[in-house]
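Please look through the sequence and the model below before reading on.

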Amino acid sequence: QAFSTPGRGDPCPAVSVCSMADGDHVLKAASRVWADIRGELQERDCEEELADAAVVPPEDLRKVAKWLQQTVTKFGASAAVADGPGDPALKPVAEEVIKAFTAALGTLLSLRRGAGCCLRQELREIGGLLSEAMDQMGASVGLPDMPIAVGKTLDRIKHLERVSVQNRASTRRRILMSLAQIRDANRELTEALRERSAEEGAEACGALSDEDLDLGELDHEELEPHERRLVEAILAATTALEDALKHASQACLPAADSQEAPVPIATLEVVALNAVAAAGAVDGLVTHAVGGIDSDNFLASLAALRKATGSFGDVVGGVEIARALDGVQAAYDEVPADEK
């Protein structure tokens, strides 16, 4: 009989742990179950309508995660006193683990209905990580690292319990990850400008300079005027991008009493997917502008950032970002030829 989340979920294929081939272990069935269903979590059909609400209640996910947690904890305790991996006493405990794991995958399959790219990727990631942890736990029975493997599996179950149950939550999570990366880049740019300003202030007050202290190249390099203008332009663009992603994040889960029309989930998902590429392009701009300009890579990063943000549109600040990127190009054009 197939296992599924009680009352919900698509059934997953039943797998027995009664017979094991050479090299298998009592939890090897978990990997086989995952191999059978992971294809169902691949990218969605473009014609499928995105769900704008939770398909599975959060309490269902918490229920199955709790069940899996209990069975894994019991398995770890039983394996700790078992007479090796072939101890028959482990078989019924392992069967319970596989049942709970299969039910958890059934819940993930239920969540795929109406799921966009962000949510499906999140489901694939947690399914794969959980399957890997289960496999490692089974293989570690009788070994000194068994407690570590059990702890890792329990940690993955905590991630399962926190997985998004709707598109808007998953999209917001993806946007926030990119937003954190862009904020790090903004701090680096701000710090580069602040260091230069602090040096100028110290020199004006007659304070000791790096040359006085004989630090030379061991300390940070000063920004040339053209470098400073370029860094300021990049910071203006990345700040506009940060503001746009903050707005998009808030639009993913609007307040219940908001008077504004909700931004369609399809629009927000486009922003979330392109935000990943935008964050990578921002890192490239910073790397190839601060401390010396690498023209080829800088221009490639600028082009990548234009492409990634070109689909943002008016709703999430696309116009402001495009204008700021024009400013970056203008600042780059002013860099002396021998510095490019």
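The chain exposes about 16900 Å², of which carbon and sulfur atoms supply 52%; accessible areas here come from the Shrake-Rupley method with a 1.4 Å probe, and for residues only the protein chains shown count as cover. This is a predicted model, in which local features need pLDDT of at least 70 and side-chain atom pairs count only at pLDDT 80 or more, while totals for chains, interfaces and linings use all residues. Residues are numbered from 1 along each chain as its sequence is written, and side-chain values use heavy atoms, with hydrogens and water left out.

The secondary structure comes to 11 helices and 0 strands, where helices (H or I, at least four residues) and strands (E, at least two) are DSSP runs numbered from the N terminus. Read along the sequence, the pattern is accordingly α-α-α-α-α-α-α-α-α-α-α. Of the 340 residues in the chain, 44% are buried, a term that stands for under 20% relative accessible area, with exposed meaning over 50% and partly exposed the range in between (1.4 Å probe, protein chains only). Among contacts (heavy atoms within 4.5 Å) with a separation of 6 or more, residues 24 or more positions apart account for 78%.

The interior can be followed through its nonpolar cores, each a set of buried Ala, Val, Leu, Ile, Met, Phe, Trp, Tyr and Cys residues joined through side-chain atoms within 4.5 Å. The largest of these has 50 residues, and those with the most contacts inside it are L230, I234, L241, L245, F298, L305 and V328. At least two residues of this core come from each of α6 (167–204), α8 (225–252), α9, α10 (295–309) and α11 (318–333), and the largest share, 13 residues, is supplied by α8. Apart from this core lies another, of 44 residues, which includes L27, L41, L123 and M134.

Leaving aside neighbours within four places in sequence, L230 is in contact with A289, I293, F298, V328, A331 and Y332. V271, found in helix α9 (residues 265–287), is buried, with a relative accessible area of 1%. Beyond its neighbours within four places in sequence, V271 is in contact with I175, L245, A248, F312 and V316; V271 and V316 are 45 residues apart along the chain, yet their C-alpha atoms are separated by 8.3 Å. T309, in helix α10, is likewise buried, at a relative accessible area of 5%, and, not counting residues up to four places away in sequence, touches L241, A278, I321 and L325.

The remaining feature is a pocket, meaning an open set of points, on a 1 Å grid over the protein atoms alone, with protein on both sides within 12 Å along at least five of seven lines; lining residues have an atom within 4 Å of a point. About 400 Å³ of space lies in the largest pocket, a volume being the space filled by probe spheres set on the points, which are joined across faces, edges and corners. This pocket is lined by 17 residues, of which E122, E125, H159, R173 and M177 lie nearest its centre, and α4 (117–139), α5 (146–161) and α6 are the elements that give two or more residues to the lining.

S164, in the loop between α5 and α6, counts as buried at 5% relative accessibility. Leaving aside neighbours within four places in sequence, S164 is in contact with L111, L119, E122, A169, S170 and R173.

Terms used
1 Å grid on protein atoms, 1.4 Å probe; cavity = no way out; pocket = protein on both sides within 12 Å on 5 of 7 lines; lining within 4 Å.
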